[in-house]
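The following exercises concern one protein model and are to be worked through with its sequence and coordinates at hand. Each task is followed by a stepwise solution.

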Amino acid sequence: MGRVEGKVALITGAARGQGRAHAVRLAEEGADVVLLDVCRSIDSVPYPLATGDDLKETEALVAATGRRVLSRIADVRDQAQLDAAVADAIGTFGHIDIVCANAGIVGFRPTWELSDAEWQDMLDVNLTGVFHTVRAVVPEMIRAGRGGSIVMTSSIQAMLGSANIGHYNASKSGVVGLMRTLATELGPHGIRVNTVNPSAVETPMLHNEATFRIFGPDLENPGPDDLWERSKDRNPMGIGWVAPEDMSNAVLFLASDEARFITGVALPVDAGVRL
């Protein structure tokens, strides 16, 4: 316990899924936590996004660890909303040491059939949202002079090329490129920048009808069991997906002083899908 004791972590996309798991895991290890989420759906996304009730549930889970928590509804596509949330966080905690730029969406369609909205929303959330997060937080991190760790959520798809997710792959590949430049720029300030690159993760982003349909187009009513069976042969460890906690353990490592000289790294947590 205490691997990030005394630190403050800011997490986007924190209301559920990986973001919730990151928040709880970092709090368990001593961090105070700032939770940000849009808490509403986006028309071009084929599944419901998190709600305000989800955010409140995450807040309660963090509070149950005994750590302090601040939650705000904020859209990563809107710089002003992120700037305001960061100002609130600094006013409450005094500094930010860990940033999990985790907010993201997914969709499925052949690249040439994507609408302008599907393409633009994907890049606006998954890539521009990371940029907005960094732009809001980095000046405060530099000013504090405490160093820190920024962990961005990319995807194993940035190392592969699967069908029907061209807009998603473009956004997540962009995150890796942004990470590498930031690692160079922020290293002199003692701020490390890395990505985690998951394969499928057991969250609402994966477990929804749109995903079931893309993996089981020949099935009348595909569900989680069908998805598992059709996914498990994609990696040598024979699993359909990893758990959010598996991602959080990777995030915790990169955020902790155990990784104090690790920067500019894209860390796969994929059961070997990329092999």
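This is a predicted model: local features need pLDDT of at least 70, side-chain atom pairs count only at pLDDT 80 or more; totals for chains, interfaces and linings use all residues.

**Exercise 1. Determine the span of helix α1 and the burial of its residues.**

Step 1. Helix α1 (residues 17-28) has twelve residues, and the distance from its first C-alpha to its last is 17 Å, close to the expected 16 Å. The expected span is 1.5 Å times one less than the number of residues.

Step 2. Ten of the twelve residues of α1 are buried, so the helix is largely enclosed by the rest of the structure. Among them are Gly17, His22, Val24 and Leu26.

Step 3. Arg20 is in helix α1 and is buried, with a relative accessible area of 17%. Leaving aside neighbours within four places in sequence, Arg20 is in contact with residues including Gly13, Asp54, Glu57 and Leu61.

Step 4. Just after α1, Gly30 adopts a positive phi of about 110°.

**Exercise 2. Which residues of the largest nonpolar core touch the most other members?**

Step 1. A nonpolar core is a set of buried Ala, Val, Leu, Ile, Met, Phe, Trp, Tyr and Cys residues joined through side-chain atoms within 4.5 Å.

Step 2. The largest core has 43 residues, and Leu10, Val34, Ile96, Val137, Ile150, Met152 and Val193 touch the most other members. Elements that each supply at least two residues of this core include β1 (8-12), β2 (32-37), α3 (79-93) and α4 (116-144). The most comes from α4, with eight residues.

Step 3. Not counting residues up to four places away in sequence, the residues touched by Leu10 include Val34, Ile96, Val99 and Val137. A second, separate core of 28 residues includes Ala27, Cys39, Val62 and Val269.

**Exercise 3. Trace the strand pairings from β1 to β7 by way of β4, β5 and β6.**

Step 1. Two strands pair if DSSP finds at least two bridges between them. β1 and β4 run parallel and are joined by three bridges, with Ile11 opposite Cys100 in β4.

Step 2. Four bridges join β4 to β5 in the parallel sense, and Val99 has Ile150 in β5 as its bridge partner. Together, β4, α4 and β5 form a right-handed β-α-β unit; right-handed means that, with the strands pointing away from the viewer, the path from the first strand over the helix to the second runs clockwise.

Step 3. Strand β5 (residues 148-153) pairs with β6 in the parallel sense over six bridges. The chain passes from β5 through helix α5 (residues 166-186) to β6 in a right-handed crossover. Met152 stands opposite Thr195 in β6.

Step 4. β6 runs parallel to strand β7 (residues 266-269), to which four bridges join it; Leu267 in β7 is the bridge partner of Val196.

**Exercise 4. Is strand β6 largely enclosed or open?**

Step 1. In a regular strand the side chains alternate between the two faces of the sheet.

Step 2. Ile191, Val193, Thr195 and Asn197 point one way from β6, whereas Arg192, Asn194, Val196 and Pro198 point the other way, and all are buried.

Step 3. Since eight of the eight residues of β6 (residues 191-198) are buried, the strand is largely enclosed by the rest of the structure.

Methods. Residues are numbered from 1 along each chain as its sequence is written. Side-chain values use heavy atoms; hydrogens and water are left out. Buried means under 20% relative accessible area, exposed over 50%, partly exposed in between (1.4 Å probe, protein chains only). Contact means heavy atoms within 4.5 Å.
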